Amino acid sequence: MVEKILARTAGRDEVRAGENLPCRPDYMIAYDFPGYTDVMFRQMHDDFGITKLAEPERYLVFIDHMLTRGDQREQDVHRVTREWCEFYGIRLHEADGIGHQVMVERGYAAPGNFLIHFDGHISGAGAFNALGWGVRRDLLEGWVKGELFLDIPATTRFELVGEFQPGVDSRDLVHEIIARLGADGCAHQVMEFGGPGARAMKIDHRQALCGMAMFTGAVSAIFEPDDTILERAGQVTEGELAPVWPDPDATYAAVHTIDLSQLRPRVVTPGSARAANTKLADELTGTAVTKAFIGSCASGRIEDIRAAASVLDGRTVAPGVTLNVVPTSKAVHDQAEREGLLDVLRAAGAQIAQSSCDFCFGYQKPLQPEDVCISTGVLNISGRMGSTDAGIYMGSAFTVAASAVSGHINTAAEVTRE
């Protein structure tokens, strides 16, 4: 599938893994952050003399960081972004939610599309049969030239069978894959998901799985198109869809079959998502926590909020624990409100915050040295959410909610059994 998408963007009938070719993305995306977007705008203008974009509709910028303090520095950062976007005629989405979610809600991550970003979690677009690739510093090449040279990646296929048991979701799946293959098991490749288990997976869980692809060493991830993808994409995408399927004789670097029904809740211990840091949640039962966080570009969608509500309904957050819930976008927040899910969470003692990336990178309510947090965030390296002395564990929304109720790492199955 990836070779077909990149062949189209390279103007070729076909491409093969290992070739280095100029590819023309459908969308080039960034979020405003000091030292990133502002620097690229200045380089475009001052170093390359670009005063007008030939195709401004291919550029997208999101304001989804540094939204929660309301101080002068925040205002200055966003003002600069607004001015540059107005100067170049670039579409700007401000405070609508986390860009990796808003790009889906606005139809940019359509089947068959190719999107680039300096943030690797754009791979979540793969849930919609699109290719999202985090190209880091090379994003400037795309912004300046409208295309960039890429090494065509090989693909590892994951044939998924079965369905998740209650209290298990795709965050447990990605950590299972890391445990099996290691943190470089798909290095410089694309993860391709298909099979009956993939088709049974909810779209939010697909986004979480694809959005965490980088922690296997992969450059991206993508699902085969099915009725779920095509129906959802058709609701938000203008024009005809252009999904891509793998050929029956497609060549893969490796093929792995995973039975979703056999998975158990997993937790990543502090330090990073390396294989050695990924453990069954049962192995960590009793580990005390002081903070719990449900949100981020990977896990703050409606299915995550439903999961948390299913655990918290009729229960309360343990004394000494603070649970913060951040819906991934305004649209998700509004839906959760309409469904009464946020009322359930509030009644349990959870604190609901506006949609942004600020909790995930330690900008809003940063962790203190004595804190131990269980999180659905995307990173748990030292200092990610605040103090370098704080401990961060990562798990699914089910596991985070169960741990918040228990006051220690626990599973949804165990909590609901009590």
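This is a predicted model: local features need pLDDT of at least 70, side-chain atom pairs count only at pLDDT 80 or more; totals for chains, interfaces and linings use all residues.
1. Largest pocket. The largest pocket has a volume of about 1,200 Å³. Its lining consists of 42 residues, and those nearest the centre are Phe118, Asp119, Gly120, Arg136 and Met214. Two or more lining residues come from each of helix H2 (37-47), strand E6 (131-134), helix H5 (139-145) and strand E7 (148-151). Sorted by class, the lining of the largest pocket holds 24 nonpolar, 12 polar and six charged residues.

2. Second largest pocket. The volume here is about 420 Å³. The second largest pocket has 21 lining residues, with Glu3, Arg16, Asp247, Ala250 and Thr251 nearest its centre. Helix H1 (2-10) and strand E8 (154-161) each contribute at least two residues to this lining. The biggest share comes from H1, which gives four residues.

3. Cavity. How many cavities of 30 Å³ or more does a search of the whole structure find? The search finds one. The largest cavity has a volume of about 30 Å³. Val104, Gly107, Ala109, Ala110, Phe128, Ala233, Val236 and Thr237 line the largest cavity. Six of these lining residues are nonpolar and two are polar, with no charged residue among them.

4. Packing of H2 and H3. Two packed helices are described by the angle between their axes and the distance between the axes. For H2 and helix H3 (residues 72-88), the axes come within 10 Å and cross at roughly 35°. The crossing of H2 and H3 is left-handed. On the H2 side the contact involves Asp38, Phe41, Arg42, Met44 and His45, and on the H3 side Val80, Trp84, Cys85, Phe87 and Tyr88. By class, the contact of H2 with H3 comprises seven nonpolar, one polar and two charged residues. H2 is also one of the elements that give two or more residues to the lining of the largest pocket.

5. Packing of H10 and H11. The axes of helix H10 (residues 302-312) and helix H11 (residues 330-338) also come within 10 Å and cross at roughly 35°. The crossing of H10 and H11 is right-handed, whereas that of H2 and H3 is left-handed. Ile302, Ile305 and Arg306 of H10 make the contact with Val332, Gln335 and Ala336 of H11. The contact of H10 with H11 has four nonpolar residues, one polar and one charged.

6. Helix H8. Is helix H8 (residues 203-211) mostly covered or mostly open? H8 is mostly covered, with nine of its nine residues buried. The buried residues are Ile203, Asp204, His205, Arg206, Gln207, Ala208, Leu209, Cys210 and Gly211.

7. His188. This residue is not a glycine, yet His188 has a positive phi of about 60°. His188 sits in the loop between helix H6 (170-181) and strand E9 (189-194). Its relative accessibility is 64%, so His188 counts as exposed; the cut-off for exposed is over 50%.

8. Lys365. A positive phi of about 50° is found at Lys365, again not a glycine. Lys365 is placed in the loop between strand E16 (351-352) and strand E17 (372-375). Lys365 counts as partly exposed because its relative accessibility is 46%.

9. Glu19. The loop between H1 and strand E1 (20-23) contains Glu19. Glu19 has 26% relative accessibility and therefore counts as partly exposed. Buried would require a value under 20%. Apart from its neighbours within four places in sequence, Glu19 is in contact with Arg12, Leu150, Asp151 and Ile152. Glu19 and Pro327 lie 308 residues apart in sequence, and their C-alpha atoms are 40 Å apart in space.

How values were computed: Residues are numbered from 1 along each chain as its sequence is written. Side-chain values use heavy atoms; hydrogens and water are left out. Buried means under 20% relative accessible area, exposed over 50%, partly exposed in between (1.4 Å probe, protein chains only). On a 1 Å grid over the protein atoms alone, a cavity is a set of points where a 1.4 Å probe fits but cannot get out, and a pocket is an open set with protein on both sides within 12 Å along at least five of seven lines; lining residues have an atom within 4 Å of a point. Grid points are joined across faces, edges and corners, and a volume is the space filled by probe spheres set on the points. Ala, Val, Leu, Ile, Met, Phe, Trp, Tyr, Cys and Pro count as nonpolar, Asp, Glu, Lys and Arg as charged, and the others, Gly among them, as polar. Axes are lines fitted to C-alpha atoms, for helices over the stretch in contact, and angles run from 0 to 180 degrees between N-to-C directions. A crossing is left-handed if the near helix is turned anticlockwise from the far one by less than a right angle, and right-handed if clockwise. Contact means heavy atoms within 4.5 Å.
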